Amino acid sequence: MIDTIKRWIERVKSSSIAKPFIVTKKWFQENVIKRKLVIFSILFTAWISLLLGAIYSPQRQTYTDDQLKTKRTFENGTGEIRLSSQTYSPETGIIVLQFETKDSTSPVDRGIDTKRLKWNLYAKKKTDQTTMEIVPIVDNKISVIIRNVPKDFGAYAIDITNKTVSTSSIDIDVSSPSDDQEKPSKTKDKGDDNVVQFYVTTQNSQLKKGKIRTVSREEFALSEITEERSFQESQIKKLNNSIKQLKTSIEDDEARKAGLLKEAEYLSGDDLESNQKDIATIESNIETKNRSIGTATQNIEKVQAKIASLEKKEAAVKDGTFEFSSPIETVEMK
């Protein structure tokens, strides 16, 4: 067996395929300095290739997670704004961004007044043709369309300034001259706390690619209304399921209570007292669950009213009678 293996090895060594490897091995053994030089050159070339690939790769991460956040809060307490979706169409050179706003200065949940928001668009690779359109849709929804986007745009920065008045900073007290002298000097620019910034870049996995054709405000509005109505309908299903589960749980509690009442006929002293406490606890749980059912029922009525309102808006948009709260604003790149 061993002789067979040796003959096979000798046959391989004498073959034409193995000769280049044998010659190379012999050359490396005879030329130690050149061998080291060749190995060093190979390693150095590989290192340079990796370095250049990291520098010039289009997927190189140059933005921090904080810069790519999709939810921003105005530091002056006037509200917050969230970038809910990002879509880029290289074929048509259009980016569509969907924003949702929340106004913290008003008890009415209708979002920040779009007339109070000022938008600016910035880019490293500035092009005169690139423009940004701000399209207020319904309630707290705002669509932003960036047109004439070059395929190598890299990244855009969008600054949003909220000019809503923050009532928390309004002073209605009478001050004395000494009070003014005791106030500490502010070094921070007052305008800094009502500006937020979003980055739109191909390096962000949340920027989805898709075919976007030129769309109108009405089409955006219908899309948002359809999505919102679908969400509200899912809320009704969720609430109805919660009511069903609560009623089932109450039935179980009633059964436990009935069992405890029967046991009470045969108890006395401490055992009877413990039994009465358990019954009181169950009754309290039943009362709490009934209140939850009442709250869920009221919420269903609210959601149904909202769905009815959305249906009216949808019909008005389709027949051209719907009045949008603000006009479309076009912003040129800075």
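Glu 100 is partly exposed in this predicted model, where its relative accessible area comes to 21%. Arg 82, with 34% relative accessibility, also counts as partly exposed, and Glu 100 forms a salt bridge with Arg 82 in which the closest N and O atoms are 3.0 Å apart. Because Glu 100 belongs to strand β3 (residues 94–103) and Arg 82 to strand β2 (residues 79–89), this pair ties together parts that lie 18 residues apart in sequence.

**A pair between two helices**

- Asp 253 and Lys 289 form a salt bridge, and their closest N and O atoms are 2.7 Å apart.
- This pair links distant parts of the chain, since Asp 253 sits in helix α5 (residues 217–264) while Lys 289 sits in helix α6 (residues 269–319), 36 residues apart.
- Asp 253 is buried, with a relative accessible area of 5%, and Lys 289 counts as buried at 19% relative accessibility, because the cut-off for buried is under 20%.

- Glu 287 and Arg 291 meet through their side chains in a salt bridge, with a distance of 3.2 Å from N to O.
- Both of these residues, Glu 287 and Arg 291, lie in helix α6, where they are four residues apart, or about one turn of the helix.
- Glu 287 is partly exposed, having a relative accessible area of 47%, and Arg 291 counts as partly exposed at 48% relative accessibility.

**The wider picture**

- Across the whole structure, a search finds 15 salt bridges.

Note on methods. Residues are numbered from 1 along each chain as its sequence is written. This is a predicted model: local features need pLDDT of at least 70, side-chain atom pairs count only at pLDDT 80 or more; totals for chains, interfaces and linings use all residues. Side-chain values use heavy atoms; hydrogens and water are left out. A salt bridge is a side-chain nitrogen of Lys or Arg within 4 Å of a carboxyl oxygen of Asp or Glu. Buried means under 20% relative accessible area, exposed over 50%, partly exposed in between (1.4 Å probe, protein chains only).
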